[in-house]
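Me: I have a structure open and would like to go through it piece by piece. Can you help me read it?

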Amino acid sequence: MSASAAHAELSLSGFYAATIADADGGTTHGTSTSSMYVTYTDTLDNGMGLTFNISASAGWHGADVFIDTGMGTLGLGDGQDSAVDKMDGSPAIGGSLNAYGPRFGAAFNDGDAASGASLMYTSPSVNGFTAKVSRGMEVANTTSTAGICLNPTHADEMQAVAAGAECPTSFTRVSGAAATEGHEAVMSYAVTGSVMGLGVAAGVSSIDYVAAANTDVEPSFVTASYSLGGISLGYAMYDSDAGSEETQMGANTSVGGMTVGVTFAEDDDTTDTDFMHIGAIKSLGAMSYSVEYLETDEEGGSANDTETWNFTYTIGF
């Protein structure tokens, strides 16, 4: 804090988010984000802008460098992920402080996990449109090695596994190494902008594996938003390129100082699932909270249908 006061180029910020969920199986309380950020900005001798950011959370620590070249920004570091990951937020989900991944169904593989510490280029705005291109790093294909597996439920139960063998079901590997499916450098492309008041975004990632353990995929997304008479309308489509495609449509508006929204979604998969989400957000300045209801309806009966109430609160500075 003293450094922030002494040097205008330094800033300190933080963000915390937690949710109390009442689902069919009981009530849970968990933290989704607990992070601190230190940012340093300066101008290089050649006139280019420099930003250095350090992020620290309970389970992750990373650093990123951004160089403003005057013809776009080059990003390097741990938090670059993929271009799709930076732009695939859903405008169809309103009244929510929860991150749905951005899908209600299975997580959308946007390429960020496979990309690792990427290189990312962000273009300057041209006619209201901005593009991002990222390149991840290659990962070698490796085989598993001999080790020990432990049963977390019964700490006295251990089992040795040979090279090439996997741990028994429910066991956790505590020594040795599991096999890793290698992949080529992940390329990701995304663009966002607006045309006559219609906000649009689209992107695709290319994930090519070395061996045949996984199928090469090119997950993609398209979103659109439009404001009409104080009501914001949103559409989103996420295609995993692996048999799953989720489509979302929603609307949100401001009522009594709160943002309220409703969303309907359908996940077209081996087993189709419909979703309905209703939520309301109230901002209190540095703190905000939301109350949300999510209903899932799986085809073929009601055995896997769920109803979940979420109370989420966030603090940012």
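Me: How much of the chain is buried?
Reply: Of the 317 residues in the protein chain, 32% count as buried. Keep in mind that this is a predicted model.

Me: OK. How many helices and strands does the chain have?
Reply: The protein chain has 3 helices and 19 strands. Its C-alpha trace spans about 60 × 60 × 40 Å along the principal axes.

Me: Let's do strands, then. Which strand does strand 11 pair with, and in what sense?
Reply: Strand 11 (residues 187–195) is joined to strand 12 (residues 198–206) by 9 bridges, and the two run antiparallel. One of the pairs is Val 191 with Ala 202, the latter in strand 12.

Me: What holds paired strands together in general?
Reply: Strands of a sheet pair through backbone hydrogen bonds, in a parallel or an antiparallel way.

Me: And what is in the turn between strand 11 and strand 12?
Reply: The hairpin has 2 residues between the strands, and Met 196 takes a positive phi near 50° there. Met 196 is a residue other than glycine.

Me: Why point out a positive phi?
Reply: Because most residues other than glycine have a negative phi.

Me: Is Met 196 buried or exposed?
Reply: Met 196 is exposed, with a relative accessible area of 80%. Met 196 sits in the loop between strand 11 and strand 12.

Me: Which residue besides that has a positive phi, and where does it lie?
Reply: Ser 170 has a positive phi of about 80° and is not a glycine. Ser 170 lies in the loop between strand 9 and strand 10. At 53% relative accessibility, Ser 170 counts as exposed, because the cut-off for that is over 50%.

Me: Back to strand 12. What does strand 12 do with strand 13?
Reply: Strand 12 pairs with strand 13 (residues 220–228) over 6 bridges, in the antiparallel sense. Val 200 stands opposite Ala 224, which is in strand 13.

Me: You mentioned strand 9 and strand 10. What sheet are they in?
Reply: They are in an open sheet of 3 strands with the order 9-8-10 and antiparallel pairing. Strand 9 (158–161) and strand 10 (172–173) stand at the edges with a single partner strand each, so one side of each has no neighbour in the sheet.

Me: How many bridges does strand 8 make with strand 9?
Reply: Strand 8 (residues 147–150) pairs with strand 9 over 4 bridges, in the antiparallel sense.

Me: New topic: salt bridges. How many are there?
Reply: A search of the whole structure finds 3 salt bridges. As background, side chains of opposite charge can pair when their charged atoms come close.

Me: Which residues form them?
Reply: Asp 81 forms one with Lys 86, with the closest N and O atoms 3.8 Å apart. Arg 135 forms another with Glu 138, where the closest N and O atoms are 2.9 Å apart. Glu 246 and Arg 103 also meet in a salt bridge, at 4.0 Å from N to O. Glu 246 lies in strand 15 and Arg 103 in the loop between helix 2 (83–87) and helix 3 (112–115), so this pair ties together parts that are 143 residues apart in sequence.

Me: Are Glu 246 and Arg 103 buried or exposed?
Reply: Both Glu 246 and Arg 103 are buried. Arg 135 is partly exposed at 31% relative accessible area, and Glu 138 is partly exposed at 46%. Lys 86 is partly exposed too, at 39%.

Me: What about the surface? Which residues make the nonpolar patch?
Reply: Leu 74, Leu 76, Leu 119, Tyr 121, Val 133, Met 137 and Tyr 189 make a nonpolar surface patch of about 530 Å². Strand 5 (73–77) and strand 6 (119–122) each supply at least two residues of the patch. Leu 119, in strand 6, is partly exposed with a relative accessible area of 38%.

Me: Which residues form the negative patch?
Reply: Glu 245, Glu 266, Asp 268, Asp 274, Asp 297 and Glu 299 form the negative surface patch. Glu 245 is in strand 15 (residues 245–255) and is partly exposed, at 33% relative accessible area.

Me: Last one. How far apart are Ile 278 and Gly 261?
Reply: Ile 278 and Gly 261 are 17 residues apart in sequence and 5.8 Å apart in space, C-alpha to C-alpha. Ile 278 lies in strand 17 (residues 273–283) and counts as partly exposed at 40% relative accessibility.

Technical notes. Residues are numbered from 1 along each chain as its sequence is written. This is a predicted model: local features need pLDDT of at least 70, side-chain atom pairs count only at pLDDT 80 or more; totals for chains, interfaces and linings use all residues. Side-chain values use heavy atoms; hydrogens and water are left out. Patches are made of residues with over 30% relative accessible area and no salt bridge: like charges are joined within 9 Å, nonpolar side chains (Val, Leu, Ile, Met, Phe, Trp, Tyr) within 5 Å. Accessible areas come from the Shrake-Rupley method with a 1.4 Å probe; for residues, only the protein chains shown count as cover. A salt bridge is a side-chain nitrogen of Lys or Arg within 4 Å of a carboxyl oxygen of Asp or Glu. Lys and Arg count as positive and Asp and Glu as negative; His and the chain ends are not counted. The place of a charge is taken as NZ of Lys, CZ of Arg, CG of Asp or CD of Glu. Buried means under 20% relative accessible area, exposed over 50%, partly exposed in between (1.4 Å probe, protein chains only). Two strands pair if DSSP finds at least two bridges between them.
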